[in-house]
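Hi everyone, and thanks for coming. I'd like to walk you through a structure that may be new to you, so please have a look at it with me.

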Amino acid sequence: MSREKIESGKTAIGIEFGSTRIKAVMVDDAGTPIAEGSHDWENQYVDGIWTYSLDMIWAGLKDAYSVLRNDVEAKFGTTIKTTGAIGISAMMHGYMPFDKEGKLLVPFRTWRNTITEEAAKELTSEFGFNIPQRWSIAHLHQAILNKESHIADISFLTTLAGYIHWQLTGEKVLGVGDASGMFPIDSSTRDYNKEYMARYDNIAAAKGMPWKLGDILPKVLVAGEAAGTLTAEGAAKLDESGNLEAGIPLCSPEGDAGTGMVATNSVAVRTGNVSAGTSIFAMVVMEKPLKAVHEEIDVVTTPSGDDVAMVHCNNCTSDINAWANVFKGFAEALGTKVDTNTLYTTLFKAALDGDPDCGGLMGFNYFSGEPVTGFDEGRPLFVRKVGSNFNFANFMRLHLYSAVSTLKVGLDILFKEEDVKVDKLYGHGGFFKTKEVGQRILSAATGGPITVMSTAGEGGAWGIAILALYMIQGTDRTLSDYLTDKVFDGFAGDTVTADKSEIEGFDSFMKLFNAALPIERVAINSIDS
């Protein structure tokens, strides 16, 4: 049956560019994954900028699609010539400015860069709306403040997902969720905030810019709207075998935050999700606007344009991965070969045997800057007192706590100061791969239950594939209803709630965490990056 669906185009393909992996997923017309491919990659730190080159982007896309195509051929004895729809998603924010010839004017500046503090503060003050350093408008304004030579030549400014979609279809569009990480969105119009755009156009004109934002930003689309079709040139860029046909419709390109919401069925009001991998961020769909401006909280949108409070932290699992590599090296020195899954499962499970407050151990997982706590750079640190209960279980529990501690700083503002309500909070990403452990740690941090869906491991590539399906199947109902009634009907989820001692232990840990933050500042000032 799947072979017939593949050959008749009753499928959809989603491709997502994550921080460390590009993943491609094919789903059937019920949304069930039937094949996948992936390509591992890493950002580069070049001339003080976190970036991925265009060559890396296209080589990675072609490889991920090639692995997907090979998976289809191996499983079903046929190749991909067409599909019902395609969706592209990627890490949000960042800066990709192009001139009128379509040339990238400066290397891609990713979300990970914390080089726009001056611009972010100016714009936040101008709009009375928090503009984080990661946002595209902050990068644009900082380039203007820096008097960079390329700024007058900008003809088009977009995100990574918007760039790839443009190259595949010729359409300069963007899903509203991804667009909300470029410039503030007015949720009543599902489009850029016109008042803020007019204010910024005046600022840009005073700086001598020949363009207006409306001329250079991509057109905003909401989930379900058509976003163009695959061109012959686009098909060639995607599929080196030449089998993929032009004319396939594409849904609007989205950001990884939006696809994470779709993948966890958390696009409805009072639902939320936490995505935890290289970075960690929480998304809560709000009933009403925030009462105040908080630099720790972004306001973005769902793929349908509803307001979402977002707490985004640049660092999550990188330090865990580094320590895992140390333990792997130790095992190998003893003559023991340990596979990766066994290694991580062992390390994560050990954390549950640790003291609820980590026995007085403290650490910071800051590989890069962390705006939520006010750092432009990072230095991973491990600190302990002489009298701390220093053992393996506490050491691992510390690193899992460290992975979510900065997130808790933002969530405490959201839940305690703003009184934002959430009925269901879902987790997804590599942090939750080991059963129960990541959930229990995050539950201790938030003080409430954490649910992981059986689909959570499919990730954002599956989420954008579902958005592609929604475009061709679900326009007679809301995205929330489509997900609940069609995609997630019958899907199970596991819910874990930390006990009182664990919640109190995390609170004790956070007191020490906040008191120890000056140590991180000293390390940054004392040790060159």
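Let me start with a question: is Asp298 buried or exposed? At 2% relative accessibility, Asp298 counts as buried. By buried I mean under 20% relative accessible area, with exposed being over 50% and partly exposed in between, using a 1.4 Å probe and protein chains only.

Before we go on, a word on the model. It is a predicted one, so local features need pLDDT of at least 70 and side-chain atom pairs count only at pLDDT 80 or more, while totals for chains, interfaces and linings use all residues. Residues are numbered from 1 along each chain as its sequence is written, and side-chain values use heavy atoms, with hydrogens and water left out.

Back to Asp298, then. Asp298 forms a salt bridge with Arg134, with 2.1 Å between the closest N and O atoms. A salt bridge here is a side-chain nitrogen of Lys or Arg within 4 Å of a carboxyl oxygen of Asp or Glu. Asp298 sits in strand E18 (residues 298–301) and Arg134 in the loop between H3 and H4, so this pair ties together parts that are 164 residues apart in sequence. Those labels come from DSSP runs numbered from the N terminus: helices are H or I with at least four residues, and strands are E with at least two. Arg134 counts as buried too, at 4% relative accessibility.

How many salt bridges does the structure hold? There are 24 salt bridges. One of them joins Glu36 and Lys23, whose closest N and O atoms are 3.9 Å apart. Glu36 belongs to strand E3 (residues 33–40) and Lys23 to strand E2 (residues 21–28), so the pair links parts that are 13 residues apart in sequence. Glu36 counts as partly exposed at 39% relative accessibility, whereas Lys23 is buried, with a relative accessible area of 9%.

Another salt bridge brings together the side chains of Glu436 and Arg440, 2.8 Å from N to O. Glu436 is partly exposed, with a relative accessible area of 31%, and Arg440 is buried, with 17%. Salt bridges that share partners join Arg397, Glu436, Arg440 and Glu502 into one network.

Now, please turn to helix H7. H7 covers residues 194–206, and at 1.5 Å a residue its 13 residues should span 18 Å, which agrees with the 18 Å between its end C-alpha atoms. The expected span is 1.5 Å times one less than the number of residues.

Which residues of H7 are buried? They are Tyr196, Met197, Tyr200, Asp201 and Ala204. Looking down the axis of H7, you find these buried residues within an arc of 140 degrees, so they line one face of the helix. That arc is taken from the directions from the helix axis to the C-beta atoms. As a reminder, an α-helix has 3.6 residues a turn, so residues three or four places apart point the same way.

What do the buried residues of H7 pack against? Their partners are helix H3 (117–127), helix H4 (136–145), strand E11 (191–192) and helix H8 (213–216), where contact means heavy atoms within 4.5 Å. On the face turned away from the buried side, H7 carries the exposed residues Asn202, Ala205 and Ala206. H7 is followed by Gly208, whose phi is positive, near 85 degrees.

Last stop: the aromatic rings. Rings of Phe, Tyr and Trp (its six-membered ring) pair if their centres lie within 6.5 Å; planes under 30 degrees apart count as stacked, over 60 as edge-to-face and the rest as tilted. By this rule, the count is 32 aromatic pairs. Take Trp58 and Tyr163: their ring centres are 5.9 Å apart and their planes at 70 degrees, so the pair is edge-to-face. Trp58 lies in helix H2 (residues 54–76) and Tyr163 in helix H5 (residues 160–169), so parts 105 residues apart in sequence are tied together. Trp58 and Tyr163 are both buried.

Phe364 and Phe513 make a tilted pair, 5.1 Å centre to centre with 45 degrees between the planes. Both of these residues, Phe364 and Phe513, are buried. They also belong to one aromatic cluster, formed by Phe364, Tyr366, Phe375, Tyr401, Phe506, Phe509 and Phe513.
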